[in-house]
Amino acid sequence: MVPRDSIQLPERRATESPQVSERRAAESKGASAAHEISALIAAVFDSLESWRTEILSTLGTSTTPAALDDVVSRRVLPLLTDDALLIGAGFIASPDYVHGRDVHFAWWLGPLESGPIFGSTQEPTRLDLSTRGYADYLRDVRGLEWYATPAATMLGHVTGPYVDHLCTCDYILTLTLPVLAEDRMLGVIGADIAVRRLEREVIPVFLTSHEPLALVNADGRVVVSGEASVAPGSLVRDATSWWDCAGTPLRVVSLGAIRDNPS
Amino acid sequence: MGKDQPSATRVGPAAREAIFAQLADAGRAEQVARRLTDAIILGVLEDGERLPSETELARRFGVAVITVREGLGMLRESRLVETRRGRDGGSFVTSGTGHEGALEARLSTVSRVELADMAVYFATILGGCAERAAARSTDDEGDRLATWLSGASFDSPAAARANTGGFYLEVAVLSQSPRLVREQIRVQAEYGPLLLLALDDSTERESTARVNASIADAIRAHDGERARELVLGQLDAHSRGLLRAKDALDREAVTSGPTRLHPAP
């Protein structure tokens, strides 16, 4: 994704028609929305970056599950308060990092309000994959996008929006960063953001624009929509103007054409 | 949820708790038998594992000891557990049994009307998931679903059950609806053990694998109507298979036992 958070706007001229100035206003709203979303995601990646540094400096390239859990939980738990932006966070260690084990999950979930399956919780809980017996068919989580993509690109990645059936059973974005030492990936450090919580941050920004806006991923999958006829989870492929959220695969698209010409 | 739980066992404490949760009033001995049978089919209770004592089971289920004893008797008849006497005695999950005993035991505790209704409800949820998946999945997602499916084995009953359940869940995930995913997980946990027993039959396994592939194709082609129809057809086949098996069992009971046209006074 090419960073494009500094959109070049031509100088405003006195003779401009109202339509043109309206479009320009929409343009700047879209750009500033993309900029704000970019900053919000970057702040989470900054946290992940600092956890990564701490893991590498305190544990090095070989550790035990207990030591890893200790370091990760001390950083993660304070962030998983009620109503926090993050609803889950932690570290997923590759098998050869935490020796003698399968993929090791040092992952915690924030308080979950509605849990028809797992019940509701007031306190953060540790992810216990053994309670996800229905996911037995998943023999290896290393094939999943939030692990596989950082492993392949050695870069941070935003997965989703998707229904996460392993942790929260919610519609979420997962941010992951590879933890690398001597060209070896020790695992991924990551955090989950619930779309319903992200919406609260994004919608107020979208509402300052007269033109309806939506936040979509690289496939055009809608994360947050400011237009009633475009549902979250649906695909928008024919947007004519958009603004990339720098440093993420997300972009803000204008839905003006969709509103004006409903199919 | 347990902390620091090693992932050695397939199903964790929550599932175990659920098995031993208290039972409702009607047909309690049958319910004891049904709960424990499901647990054995799912592998929550493993081969050779000793069950809690009769007193302990009675406490957990909230029933009388005699009711537990009756339920365990049904499991013994189906050769799912055996009772050993002595200091190291107790009821043990019989090791080395296939699911045949379990199928018979489970079928005997469920009525035909419940069985048919289970399949209808399951198919409605999963059919809705498939329809939404066809509407909402990207080409890449459709391709990944098909690739996953082509690598999944349907050769043994256990593999066919796990992978069919996994396929259903993947379809639900593609719907992009958390509520549908939760409901699919719930119906799969509640009815899956019974409905997917149909996969003990090798013909059923082959046709299930084939129909699963067609469902994936319909989703890739964004043909929601066809995807839903295929799901409905598949669940209908599962339920018919089980109803036939139940029919055979009932007939066997009729020919071997005393015929009684009127209920005893």
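This report describes chain A and then chain B of a predicted model.

## Chain A as a whole

In this predicted model, the secondary structure of chain A comes to 5 helices and 10 strands. Chain A has 263 residues, of which 41% count as buried. Among the contacts in chain A with a separation of 6 or more, 56% are made by residues 24 or more positions apart.

Four strands of chain A make up an open sheet with the order β8-β7-β10-β9, and their pairing is antiparallel. Strands β8 (222-225) and β9 (242-244) are the edge strands, each of them pairing on one side only. On average, and with direction ignored, neighbouring strands of this sheet are turned by 20 degrees against each other.

Within the sheet, strand β7 (residues 213-216) of chain A runs antiparallel to strand β10 (residues 251-254) of chain A, and 4 bridges join the two. Helix α4 (residues 195-206) of chain A lies across β7 and β8 of chain A, and runs at about 50 degrees to β8(A).

Strand β4 of chain A spans residues 157-164 and includes Pro161(A). The peptide bond that leads from Gly160(A) to Pro161(A) is cis, with omega near 10 degrees. His157(A) is also found in strand β4 of chain A, and it counts as buried because 22 C-beta neighbours lie inside 10 Å, where 20 or more are needed. Leaving aside neighbours within four places in sequence, His157(A) is in contact with Trp146(A), Thr149(A), Pro150(A) and Thr176(A). The C-alpha atoms of His157(A) and Pro249(A) are separated by 8.0 Å, although these residues are 92 residues apart along the chain.

The loop between α3 (145-153) and β4 of chain A holds Met154(A). Met154(A) is not a glycine, yet it has a positive phi of about 60 degrees. With 12 C-beta neighbours inside 10 Å, Met154(A) counts as exposed, whereas His157(A) counts as buried.

## A hairpin in chain B

In chain B, strand β1 (residues 81-84) and strand β2 (residues 90-93) pair in the antiparallel sense over 4 bridges. Across this pairing, Thr83(B) stands opposite Ser91(B) in β2(B). The two strands form a hairpin with 5 residues between them, and Gly86(B), which lies in the turn, has a positive phi of about 100 degrees.

## Helix packing in chain B

Helix α6 (residues 112-136) and helix α9 (residues 178-195) of chain B pack at an angle of about 140 degrees, with their axes 10 Å apart. Because of this angle, α6(B) is oblique to α9(B), and the crossing of the two helices is left-handed. The residues making the contact include Met118(B), Phe122(B), Ile125(B) and Arg132(B) of α6(B), together with Leu180(B), Glu183(B), Val187(B) and Tyr191(B) of α9(B). By type, the residues of this contact divide into 12 nonpolar, 2 polar and 2 charged.

## The loop at His222(B)

Elsewhere in chain B, the loop between α10 (202-220) and α11 (224-256) contains His222(B). The phi of His222(B) is near 55 degrees, which is a positive value in a residue other than glycine. His222(B) counts as partly exposed because it has 15 C-beta neighbours inside 10 Å.

Technical notes:
Residues are numbered from 1 along each chain as its sequence is written. Chains are lettered from A and ligands numbered from 1 in the order in which they are written. This is a predicted model: local features need pLDDT of at least 70, side-chain atom pairs count only at pLDDT 80 or more; totals for chains, interfaces and linings use all residues. Two residues are in contact if their C-beta atoms, placed from the backbone, lie within 7 Å. Two strands pair if DSSP finds at least two bridges between them. Axes are lines fitted to C-alpha atoms, for helices over the stretch in contact, and angles run from 0 to 180 degrees between N-to-C directions. Angles under 35 degrees count as roughly parallel, over 145 as roughly antiparallel, 65 to 115 as roughly perpendicular and the rest as oblique. A crossing is left-handed if the near helix is turned anticlockwise from the far one by less than a right angle, and right-handed if clockwise. Ala, Val, Leu, Ile, Met, Phe, Trp, Tyr, Cys and Pro count as nonpolar, Asp, Glu, Lys and Arg as charged, and the others, Gly among them, as polar.
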